[in-house]
Amino acid sequence: MIQLKHGVATDTGNVRPQNEDSYLASSPLFAVADGMGGHNAGEVASALATSLLHKHSVGNTLSTDWLVDTITTINRTIHESAAESIERRGMGTTICALSLVEPNNNNGAPQVALANVGDSRIYLSRAGNFRQLSVDHSYVQELVTQGLISEEEARVHPRRNIVTRALGIDDRVAVDTWMVPVFPGDRFILCSDGLVDEVPTADIAELASQQDNPQVIADALVNLAKRNGGRDNITVVVVDAYGDATTEQEPVTADQPPAKRALNPWLISAVVGFVLAVSLFFVGKNARSGYFLDFENSSPSASVCIQRGSSNQVLWFSPTRETCSDLSKNQLPKIYQQRVNEHLRFTSVIDAQRFIAAVKRALVLND
Ligand code: MG
């Protein structure tokens, strides 16, 4: 039988006047919520989320369905509470939650149910492997998904704090959930973005792999975030699984094999066709998204142009030229020529134009 032990640390950080993060650590249910809104509204929203989650858990069988129903109800409560007072208007909160569930499926193997809304995160450290289990609902995550920026660029992006989903903002919310098998030795980390923004993923992974008890790890992660700047509130809940495994441990990177069943060949063809059509749609969308710089041609006086799409041809999707500037290759210092040759990318044509304008201003200043 799997059991859980945990450690918790939360801190206002070095800059913010108050701590608007909240957490729940009441085995087998754990959560982190990161509130937003003026006055003390963010604190109210995140505290409502975690306290209601705990209240609704009493006497209930915890599962992904329960998490979706309960978080949907909590969303409505926060939304109504925000509408009741001017000071709380617009308040919201993220939430990520983890619960050990009854082993009544998956051949009786123990599992955890996970839920997420917003950009608080759930990581898993298992047998030397470390990975993020939740998917952020944020502007920069959308850029990462489209392949426009890397995960490390997202971590320091100026718009990294824009969340695209939160509790309390609308009367309805979509809740993402997952089921993950759990084994003795697994370590789950739930955290607010105050940790993620200050500590590189490799450093979180390194600390998470240490043998210390979960409280030591939670304290160490929060202290590291503070040492690295502590510009936001920081909350970390570390949950360690221990006990007897009923199945053999599997590597963190492996997907769980589905149960063997005879499948209808027509159904397989329909699903394959559908997946191909959807894949082609997204490949096309991705190949046409974003902008990059290029020279008009190979001559020394070639203009700097803005192209739309991927700089490498993807299937039959070629980039198209949006516009060319009056900035020419022979006006540019080597470093900028190199950046154009490397097809420097932008999310919008306006951003690309702004970059060209900034280079032109810099060249005038240097004359
Ligand atoms: Mg935060």
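Predicted model: local features only at pLDDT ≥ 70, side-chain atom pairs only at ≥ 80, totals over all residues.

Biologist: Is alanine 127 buried or exposed?
Modeller: Alanine 127 is found in the loop between β7 (121-126) and β8 (129-132). Its relative accessibility is 62%, and the cut-off for exposed is over 50%. Alanine 127 therefore counts as exposed.

Biologist: What is the phi of alanine 127?
Modeller: Most residues other than glycine have a negative phi. Alanine 127 is not a glycine, yet its phi is positive, at about 50 degrees.

Biologist: Where is histidine 343 found, and is it buried, partly exposed or exposed?
Modeller: Histidine 343 also has a positive phi, near 60 degrees. It is found in the loop between α9 (334-341) and β15 (345-346). Buried would need a value under 20% and exposed one over 50%. With 23% relative accessibility, histidine 343 is therefore partly exposed.

Biologist: Which residues does the cis peptide bond join?
Modeller: Most peptide bonds are trans. Here omega is about 15 degrees, and the proline of the pair is found in the loop between β2 (21-26) and β3 (29-36). The cis bond joins serine 27 and proline 28.

Biologist: Which residues form the negative surface patch?
Modeller: Let's start with glutamate 80, which lies in helix α2 (residues 64-84). Patch residues need over 30% relative accessible area, and glutamate 80 has 46%, so it passes that cut-off. The patch is formed by Glu80, Glu84, Asp170 and Asp171.

Note on methods. Residues numbered from 1 in each chain as written. Heavy atoms only, no water. Patch = residues over 30% accessible without salt bridge, like charges linked within 9 Å, V, L, I, M, F, W, Y side chains within 5 Å. Areas by Shrake-Rupley, 256 points an atom, 1.4 Å probe, with all protein chains shown as cover. Salt bridge = Lys/Arg side-chain N within 4 Å of Asp/Glu carboxyl O. Lys, Arg positive; Asp, Glu negative; His and termini not counted. Charge placed at Lys NZ, Arg CZ, Asp CG, Glu CD. Helix = DSSP H or I, 4+ residues; strand = E, 2+ residues; numbered from the N terminus. Buried < 20%, exposed > 50% of the residue type's maximum accessible area, 1.4 Å probe, protein only.
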